[in-house]
Structure formats: structure tokens, C-alpha cells
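Below are some numbered remarks on the model, for checking against the coordinates.

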Amino acid sequence: MKVSRFSKYKKTLALLTMVAPGAIWLFLLRYLPMGGIVLAFKNYKVYPRNPTFFNNLKHSAWVGFKNFKFMFMTDDAWVMIRNTLAYNIVFIILGVIIPVAFAIMMNELTKKYVAKAYQTLMFFPYFLSWIVVSYFLNAFLDPQYGLLPSMQLAAGQAATNIYTTIKPWPYIIVFANLWKNVGYSTVLYLAAIAGIDTNQYEAAAIDGATKWQQIWHVTIPNLRTMIAILFILNVGKIFNADFGLFYNLPMQNGALFPVTQVTDTFIYRAMLNTGNLGMSAAAGLLQNVVGFFCILGANAVVKKLDSDSSLF
């Protein structure tokens with residue numbers, strides 16, 4: 001039966017109407033603001049006579065790449081870069097191993113209501129603000145009223161002020177990040193495991209494979225694509241940092257800057273001190289450019305190892 005041209009247009013219009021809200025949102029919030037990239041190359045100043053953004057942007061002087069220099073000119077800048085890269089590398093590695101292990105363990109639970117309860121409990125911290133988490137942590141570490149210092153005093157020991165002690169904070173930050181985000185990744189891997197054809201497990205069992213051998217030769221190979229996609233996306237954010245984690249969790253304590261100063265907190269503090277929005281724009285642009293090339297590099301590596309698991 002021949003479909004009329006009107007019917008084709010009607011179907012196309014219906015599909016375009018469905019996709020329109022998402023396309024409009026993407027254009028307004030992602031593509032339209034890209035015009036502000038020019039701010040990274042200007043010394044942005046506010047002109048009192050007409051303090052609108054576009055007027056300020058128009059009359060602000062061009063400074064070329066001067067706004068980019070502040071990220072590399074001081075010793076604090078190199079500490080910031082070191083911390084950002086080191087933390088993100090640890091987050092990427094542990095962000096694969098631990099969620100995959102939890103997903104496999106929960107998949108082996110025979111009582112589904114128990115598995116659902118574990119999923120809910122693990123996923124819940126993902127929705128908490130870092131401000132809330134920071135006060136949870138403060139309830140344990142506060143030097144005056146915290147649980148741990150109080151236990152030290154009760155045991156006849158001197159209370160330790162964790163907020164001025166550098167050594168434990170890399171472990172605290174890594175643990176807090178995992179506690180908050182592992183549940184989200186675990187649910188993704190668990191969904192991927194649920195999509196594995198059960199015939200593969202049955203065939204492996206018939207061949208005499210143990211449960212561990214089934215996990216190693218059936219489950220993990222079927223998770224390759226999900227692992228590769230999340231790995232590529234996380235590598236793309238390797239020069240970015242979770243602002244809330246590094247700013248709120250240590251309570252903005254200057255004594256902890258050697259292990260808590262990262263790109264986002266450094267940029268924020270520099271902007272507060274200088275008032276130059278151009279520096280912030282330059283840093284954001286640099287982060288995204290680096291992230292873009294990191295994604296290309298990570299995708300190239302994944303494509304060489306397993307072409308079916310790459311993004312493109």
C-alpha cells in the first residue's frame with residue numbers, strides 16, 4: 001500500500017515535535033553560551049554607565065592568551081595540576097574495579113528484594129549534596145564536638161584536629177568520592193549484567209565452568225563495552241575536578257591546600273581574588289579542550305584494543 005506524502009509529513013512532524021524540547025534545551029544551554037568563549041581572551045571589566053554584559057564584553061580590552069597564564073605561573077598552580085591528575089587517575093581505576101565487583105556480587109544474590117534494598121542504599125548517597133556530606137563528615141571529625149576526637153579524649157589521648165592534618169585527607173577524599181558515586185556506576189553495570197544472555201551461563205555450566213570461571217569468561221567480557229564507555233567519558237574529565245568534593249568536604253581549610261587544591265577550587269579562588277571573569281572563562285575553555293583531546297586519545301586506545309567497544 002502506497003503511503004501518501006501527507007502521511008509522511010505528518011509522521012515527520014510528530015517525530016520532530018517529540019525531539020523539539022530536547023533540541024531546544026541543547027541549543028539554549030549548550031550551544032548558545034559557546035559565544036562566551038570570547039570572554040577567555042578579554043580583560044572583562046564592568047562599565048558603570050551601561051553595565052550590561054554585552055556592553056562590558058564589547059568594550060573590554062583584548063589580552064590574547066594572557067588569561068591562560070595564571071594557571072601555570074605559580075607553585076600553587078603546579079600543585080593544583082598534580083592533585084587534579086592524581087585524584088582523577090585513582091578515581092578512574094577504583095571507579096571501574098569496585099562498581100564492577102559490587103555489581104557482580106549483587107547479581108549473585110538469590111533474594112531479589114535483598115538486592116533491591118542494597119541497590120537503594122548504595123544509590124542514595126549519589127543524590128546528596130556535598131554540603132550535606134561535609135557536615136556528616138564534620139560530625140565525626142570536628143575537633144571540639146566530633147565523634148572521633150571525643151573517643152580519643154575518652155581514651156585519655158590528645159584529640160587530633162583532622163582539619164589541620166594533611167596526611168589522612170587523600171584517603172578521606174578518595175573514600176568520600178567512592179561512597180557517593182559507586183552506587184551510580186554499580187547500577188549501570190548491574191543493568192548491563194541483566195542484559196547478558198542466560199544461555200551463555202548455561203553453556204558454560206554444561207562445559208563444567210565454576211561460578212568464578214563463569215564470571216571471568218562470561219560476565220566480565222560482556223561488560224567490556226560499558227567499562228570502555230565509562231572509561232572514555234571519565235578520561236575526558238581528567239583535568240576537571242568535583243568542586244563540591246574539594247571545596248566543601250575539607251571546610252575550605254587553607255592548611256589542607258597541598259592535598260585539596262585542584263583546578264576548580266584554584267580557579268574559583270583566583271577569580272575571587274582578582275575579580276577577572278576572563279581568567280575563569282579561560283580556565284574552563286582550557287579544561288574542555290584538554291578533555292576533548294583526552295577523549296580522542298582514550299577512544300583511540302580502546303579502539304585499538306577492542307574496536308567494538310569504542311565510541312566512534
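1. How many nonpolar, polar and charged residues does the lining of the second largest pocket have, by class? The lining has eight nonpolar, three polar and one charged residues. For this count, Ala, Val, Leu, Ile, Met, Phe, Trp, Tyr, Cys and Pro are nonpolar, Asp, Glu, Lys and Arg are charged, and the others, Gly among them, are polar. The elements that give two or more residues to this lining are helix H1 (5-31) and H15. H15 supplies the largest share, four residues. The lining residues include Leu 29, Arg 30, Pro 33, Met 34, Gly 284, Leu 285 and Asn 288.

2. Basis of the values. This is a predicted model, in which local features need pLDDT of at least 70 and side-chain atom pairs count only at pLDDT 80 or more, while totals for chains, interfaces and linings use all residues. Residues are numbered from 1 along each chain as its sequence is written, and side-chain values use heavy atoms, with hydrogens and water left out. Helices (H or I, at least four residues) and strands (E, at least two) are DSSP runs, numbered from the N terminus.

3. Pocket volumes. A pocket is an open set of points on a 1 Å grid over the protein atoms alone, where a 1.4 Å probe fits, with protein on both sides within 12 Å along at least five of seven lines; lining residues have an atom within 4 Å of a point.

4. Largest pocket. Its lining consists of 29 residues, and Phe 91, Asn 177, Asn 181, Asn 234 and Lys 237 lie nearest the centre. Two or more lining residues come from each of H4, helix H8 (169-194) and H11. H4 gives the most, with nine residues. By class, the lining has 18 nonpolar, nine polar and two charged residues.

5. Helix H15. This helix covers residues 277-305, and its 29 residues should span 42 Å at 1.5 Å a residue; the end C-alpha atoms are 42 Å apart, which agrees. The expected span is 1.5 Å times one less than the number of residues. Among the buried residues of H15 are Gly 278, Ala 282, Gly 284, Leu 286, Gly 291, Asn 299 and Val 302. Buried means under 20% relative accessible area, exposed over 50%, and partly exposed in between (1.4 Å probe, protein chains only). The buried residues of H15 pack against strand E1 (42-43), helix H3 (66-69), helix H11 (224-235) and helix H14 (263-274), where contact means heavy atoms within 4.5 Å.

6. Aromatic pairs. The model has 15 aromatic pairs, counting rings of Phe, Tyr and Trp (its six-membered ring) whose centres lie within 6.5 Å; planes under 30 degrees apart are stacked, over 60 edge-to-face and the rest tilted. Phe 123 and Tyr 184 have ring centres 6.1 Å apart and planes at 20 degrees, so this pair is stacked. Because Phe 123 lies in helix H5 (residues 112-123) and Tyr 184 in helix H8, the pair ties together parts 61 residues apart in sequence. Phe 123 is partly exposed at 24%, as is Tyr 184 at 35%. The rings of Phe 292 and Phe 293 have centres 5.4 Å apart and planes at 75 degrees, so the pair is edge-to-face. Phe 292 is partly exposed at 48%, whereas Phe 293 is exposed at 53%. One aromatic cluster is formed by Phe 123, Tyr 126, Phe 127 and Tyr 184.

7. Thr 186. This residue is found in helix H8 and is buried, with a relative accessible area of 1%. Leaving out residues up to four places away in sequence, Thr 186 touches Pro 99, Phe 102, Ala 103, Met 106 and Met 122.

8. Backbone in one loop. Met 251 is not a glycine, yet has a positive phi of about 60 degrees; Gln 252 also has a positive phi, near 55 degrees. Met 251 is in the loop between helix H12 (243-248) and helix H13 (257-260), and Gln 252 is in the loop between H12 and H13. Met 251 is partly exposed at 26%, and Gln 252 is partly exposed at 35%.
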